[in-house]
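Colleague: Hi! I'd like a close look at helix packing in this model, please. Some context on the fold and on how the chains meet would be welcome too.

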Amino acid sequence: MIQFFHVYKAYPGDPPVLSDINLSVEKGEFVFLTGPSGAGKTTLLKLIFCAEKATKGQILVGGRNIARIRESAVPYLRRNIGVVFQDFKLLPHRTVEDNVSFTLDVLGVPRAAARDKVRRMLKLVGLEHKANSFPLRLSGGEQQRVVIARALVNDPTILLADEPTGNLDPALTVEIMDLLTQVNIRGTTVVVATHDATLLARYQKRTVRLERGQIVSDEDGVKAARRMVV
Amino acid sequence: MSALAKTRYFWRSAAVGLKHSPFVHFIAVTTIAIALFSAGLARGSARVLDNLLASLGGEVEVTVYLAPELGQDEAHGVRARVEELSKGQVTLVPPDAALERLRTELGDLGEALAELPENPLPAALELRVPPEQRTPEALQVLAKELRALPGVSGVDYGEQAVERLTAIARALRFGSLVAFVVVLGATVVIVAATLQLAIYSRREEIEIQKLVGATDRFVKAPFLLEGLLQGLLGAGVALLGLWAFGRLVGPTLGSLFAFLLGPGVAAPWVEPRLVMELVGAGCGLGLGGSFVAVGRFLRV
């Protein structure tokens, strides 16, 4: 589903943010991307949804080489990738329902069909009763669930989450992670960037560790969790 | 289905945009309205000027002087030729009739003409020009053609006055055109600047749109529509202003200058053609401004 071949990312005058990244994520897989701050986790995610361009190397997403993708083709690639951020990025003056249907507006889904899809998605994330609320009236966990609903409402094949629980307390963190696990079980490929070791230990998923822009380990869930405990 | 949903979304989004930053859009609409109101006034003034020139052309009497050596038959021949060229009504005034007319016009002083040894006045043709030729340019062309006719010694139609007026009208038109272009340019810049503020206030929304797969065109369309709506509103306000101007000031102007300008000055200031022109110009200004704004701001 996602493949990196000798990928480099550098900004002029600075040391490379990513060096010689080789990575393969299978369809339907759940992968944690971990490492200290500045290790390159966010940049790696940004390369996948074309918010940044690789300096060198090839990146395949769904079999398509996106390392040299045309600017005009980027929106169509993004329609297949849901993205969740730590800072939510919700529109405060729109209701929960409008925030989620925002994705469908872009795709030109008729209003009635969009409303049905949005309601189903809000039910999935447990927020159907908050459809008419405004984001600032919701808790952090609820806001993050709205973001997840927005990212999933058009059935993307990939979900990228950058520190999705970074702003949440432990109880809400579990709530969100359980939701992401559910989404993965439904068949969506999920890549979560986090530096929270407790998550890695609890969920025991494949873990790719980055340090100073390089992959230093790529372990299955059990092995990674064991190392976390030790 | 998808296109219809998108179109609906664009209009809804544009309307929300107008509602979202009312002050910014108020400035843009006012700017467009002022520019179009000025343009409408300039158009109205130009029409008054045209009426003046046309009426002046209608009143000008073209007199074609015939060569003194011309006989009666030859004079009739020239008359026929002039009639053919001008498509107007031509009256032959023989020298005796011309002298008699002068004597009548001079009144008591006219008796002095009896002392003249011989009649100094040449035979002349008085030409009543048809309406389509009553413009300074057409009169100039006609006079040139008449002067070239054999047997014609001169043509008079108040040439200098008409030429001076034409030059003034041309200078006024050119000046107003330059001013209009400058005002249009300034309006586009102001509209673009205000729309940039509106776009900036919605940058978060744009960022999310791009994130969920919106194309550049999709992001830009509502802002272009906002510009279009601004233009339409501006044109509406300008037309309302011109209509009010025509109602309040038009009659006063008409009564003040009717002796000079004729009935044209009292003509309505808002005509169907002007409505179309101003609405078109308003849409152009709004779209132009928003095009500049989105082009500069949405390079994402």
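Modeller: Happy to! In this predicted model, chain B has 10 helices and four strands. Their order along the sequence of chain B is α-α-β-α-β-α-β-α-β-α-α-α-α-α. Chain B has 300 residues, and 30% of them count as buried. If you take the contacts in chain B between residues at least 6 apart in sequence, 85% of these join residues at least 24 apart.

Chain B also touches chain A: 16 residues of chain B are in contact with 15 residues of chain A. On the chain B side, the elements that contribute two or more residues are helix 1 (2–20) and helix 7 (203–211) of chain B. By class, the chain B residues on that side are nine nonpolar, four polar and three charged.

Now for the close look, which I'll do on two helix pairs in chain A. Let's begin with helix 5 (residues 140–152) and helix 6 (residues 170–185) of chain A, whose axes lie 9 Å apart at an angle of about 15 degrees. Angles under 35 degrees count as roughly parallel, and helix 5 and helix 6 of chain A are therefore roughly parallel to each other. Helix 5 of chain A makes a right-handed crossing with helix 6 of chain A. From helix 5 of chain A, the residues involved are Gly140(A), Gly141(A), Gln144(A), Arg145(A), Ile148(A) and Leu152(A). They meet Leu172(A), Glu175(A), Ile176(A), Leu179(A) and Val183(A) of helix 6 of chain A. In this contact of helix 5 with helix 6 of chain A there are six nonpolar, three polar and two charged residues.

The other pair is helix 3 (residues 96–107) and helix 4 (residues 111–124) of chain A, which pack at an angle of about 120 degrees with their axes 9 Å apart. Helix 3 and helix 4 of chain A cross in a right-handed sense. Here, helix 3 of chain A brings Val96(A), Glu97(A), Val100(A), Ser101(A) and Leu104(A) to the contact. Sorted by class, the residues where helix 3 of chain A meets helix 4 of chain A come to seven nonpolar, one polar and two charged.

If you put the two pairs side by side on your screen, look for the angle of about 15 degrees between helix 5 and helix 6 of chain A and that of about 120 degrees between helix 3 and helix 4 of chain A.

Terms used: Residues are numbered from 1 along each chain as its sequence is written. Chains are lettered from A and ligands numbered from 1 in the order in which they are written. This is a predicted model: local features need pLDDT of at least 70, side-chain atom pairs count only at pLDDT 80 or more; totals for chains, interfaces and linings use all residues. Two residues are in contact if their C-beta atoms, placed from the backbone, lie within 7 Å. Ala, Val, Leu, Ile, Met, Phe, Trp, Tyr, Cys and Pro count as nonpolar, Asp, Glu, Lys and Arg as charged, and the others, Gly among them, as polar. Axes are lines fitted to C-alpha atoms, for helices over the stretch in contact, and angles run from 0 to 180 degrees between N-to-C directions. Angles under 35 degrees count as roughly parallel, over 145 as roughly antiparallel, 65 to 115 as roughly perpendicular and the rest as oblique. A crossing is left-handed if the near helix is turned anticlockwise from the far one by less than a right angle, and right-handed if clockwise. A residue is buried if 20 or more other C-beta atoms lie within 10 Å of its own, exposed if 12 or fewer, and partly exposed in between; C-beta atoms are placed from the backbone.
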